[in-house]
Amino acid sequence: MGDLTSIISSRICVEYYILRQRGMFAKNAVTKMSDAMDLNIKSMYTMMAKAEEVTQSMKIVEGHAVRIKEIKRLVDLFEELYLNY
């Protein structure tokens with residue numbers, strides 16, 4: 001009976017160890033997934049901030065484009081007046 005008890009005890013210890021390792025693996029997997037999601041969210045907000053900076057910069061460029069079109073219109077007008085004079 002003593003041999004059977006020690007075999008059962010050993011088996012219980014092995015199964016406990018295996019379950020504990022699986023639990024730690026699952027915990028590590030969840031932790032890694034959570035860390036990856038956090039990193040992705042931070043990256044998304046960084047990208048959104050950069051996009052906002054580009055949008056602000058483009059407003060300045062759009063203003064320059066309007067001024068350049070007006071200058072071109074005036075140059076064309078002067079050329080027309082000069083050629084027809």
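A search of the whole structure, which is a predicted model, finds 2 salt bridges.

**Exercise 1.** Find the salt-bridge partner of Arg73 and describe how the pair sits in the chain.

*Solution.* Start with the side chains: Arg73 meets Glu70 in a salt bridge, with 2.7 Å from N to O.

**Exercise 2.** Work out which residue pairs with Asp76, and classify the exposure of Asp76 and Lys72.

*Solution.* Asp76 forms a salt bridge with Lys72, and their closest N and O atoms are 3.0 Å apart. In helix 1 these residues are 4 apart, so about one helical turn separates Asp76 and Lys72. For the classes, recall that exposed means over 50% relative accessible area. Lys72 reaches 52% and therefore counts as exposed, whereas Asp76, at 35%, counts as partly exposed.

**Exercise 3.** Describe the fold and the surface of the chain, then locate a nonpolar patch.

*Solution.* Begin with the secondary structure: 1 helix and 0 strands. Then look for burial: of the 85 residues, 0% count as buried. The chain exposes about 8400 Å², and carbon and sulfur atoms supply 67% of that area. Lastly, Ile41, Met44, Tyr45 and Met48 make a nonpolar surface patch of about 410 Å². Tyr45 has its place in helix 1, which spans residues 2-84.

How values were computed:
Residues are numbered from 1 along each chain as its sequence is written. This is a predicted model: local features need pLDDT of at least 70, side-chain atom pairs count only at pLDDT 80 or more; totals for chains, interfaces and linings use all residues. Side-chain values use heavy atoms; hydrogens and water are left out. Patches are made of residues with over 30% relative accessible area and no salt bridge: like charges are joined within 9 Å, nonpolar side chains (Val, Leu, Ile, Met, Phe, Trp, Tyr) within 5 Å. Accessible areas come from the Shrake-Rupley method with a 1.4 Å probe; for residues, only the protein chains shown count as cover. A salt bridge is a side-chain nitrogen of Lys or Arg within 4 Å of a carboxyl oxygen of Asp or Glu. Helices (H or I, at least four residues) and strands (E, at least two) are DSSP runs, numbered from the N terminus. Buried means under 20% relative accessible area, exposed over 50%, partly exposed in between (1.4 Å probe, protein chains only).
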